[in-house]
Amino acid sequence: MLNSLFTSLNTDGSTHIKYTYTFTKTQHIVYGEFDASQADTTKAQQASTNTDSWAGFKQLVLIRLKTEATNALGGGASE
């Protein structure tokens with residue numbers, strides 16, 4: 001579950017994203033921040049649904065978490 005999401009526009013057109021994400025079944029709480037490209041942010045905004053306006057940003061955060069975890073474990077670049 002995405003608990004908090006704060007976005008701000010950087011001077012280069014990218015978006016700075018701060019988030020807190022909870023994996024409810026395991027009670028893991030993850031928080032962090034990163035810069036997303038303008039293209040990634042636009043794609044995330046367009047992925048909203050009628051029932052979940054944050055769907056695209058949730059996916060963006062989860063992809064970032066997956067990539068960073070894979071890299072940290074020595075698995076190389078991921079998505």
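## A histidine–aspartate pair

The side chains of His16 and Asp35 are joined by a polar contact of 2.7 Å. This comes from a predicted model. His16 sits in strand 2. Leaving out residues up to four places away in sequence, His16 touches Phe6, Thr7, Ser8, Asn10, Glu33, Phe34 and Asp35.

Asp35 turns up again elsewhere. Asp35 is among the residues lining the largest pocket. Asp35 is also one of the residues in contact with Ser14.

## Overall fold

The chain holds 2 helices and 3 strands. In sequence order they run β-β-β-α-α. The C-alpha trace spans about 30 × 30 × 20 Å along its principal axes.

The chain has 79 residues, and 28% of them count as buried. Take the contacts in the chain with a separation of 6 or more: 22% of these link residues 24 or more positions apart.

## Two loop residues

Ser14 lies in the loop between strand 1 and strand 2. Is Ser14 buried or exposed? Ser14 has 11% relative accessibility. The cut-off for buried is under 20%, so Ser14 counts as buried. The side chain of Ser14 makes a polar contact of 2.6 Å with the side chain of Asp12. Beyond its neighbours within four places in sequence, Ser14 contacts Ser8, Leu9, Asp35, Ala36, Ser37 and Gln38.

Gln27 belongs to the loop between strand 2 and strand 3. Its phi is positive, at about 60 degrees, although Gln27 is not a glycine. Gln27 has a relative accessible area of 60%. Exposed means over 50%, so Gln27 is exposed.

## The nonpolar core

The largest nonpolar core has 12 residues in all. They are Leu2, Leu5, Ile17, Tyr19, Tyr21, Phe34, Ala36, Ala44, Phe57, Leu60, Val61 and Leu65. At least two residues of this core come from each of strand 1 (2-9), strand 2 (15-23), strand 3 and helix 2. Helix 2 supplies the largest share, 4 residues.

What does Leu2, a member of this core, touch? Not counting residues up to four places away in sequence, Leu2 touches Tyr19, Thr20, Tyr21 and Lys58. Tyr19 and Tyr21 are core members too.

## The largest pocket

The largest pocket has a volume of about 250 Å³. Strand 3 (28-36), helix 1 (38-46) and helix 2 (55-72) are the elements that each give two or more residues to its lining. Which element gives the largest share of the lining? Helix 2 does, with 5 residues.

The lining consists of Phe34, Asp35, Ala36, Asp40, Lys43, Ala44, Ala47, Gly56, Gln59, Leu60, Ile63 and Arg64. By type, the lining residues split into 6 nonpolar, 2 polar and 4 charged.

## Where pocket and core meet

Ala36 is among the contacts of Ser14.

Helix 2 features in both sets. Helix 2 gives the largest share of the pocket lining, and helix 2 gives the largest share of the core.

Key: Residues numbered from 1 in each chain as written. Predicted model: local features only at pLDDT ≥ 70, side-chain atom pairs only at ≥ 80, totals over all residues. Heavy atoms only, no water. 1 Å grid on protein atoms, 1.4 Å probe; cavity = no way out; pocket = protein on both sides within 12 Å on 5 of 7 lines; lining within 4 Å. Points joined across faces, edges and corners; volume = space filled by probe spheres on them. Nonpolar A, V, L, I, M, F, W, Y, C, P; charged D, E, K, R; others polar. Core = buried A, V, L, I, M, F, W, Y, C linked by side-chain atoms within 4.5 Å. Buried < 20%, exposed > 50% of the residue type's maximum accessible area, 1.4 Å probe, protein only. Contact = heavy atoms within 4.5 Å. Polar contact = N/O pair within 3.5 Å; in protein donor to acceptor, adjacent residues only side chain to side chain.
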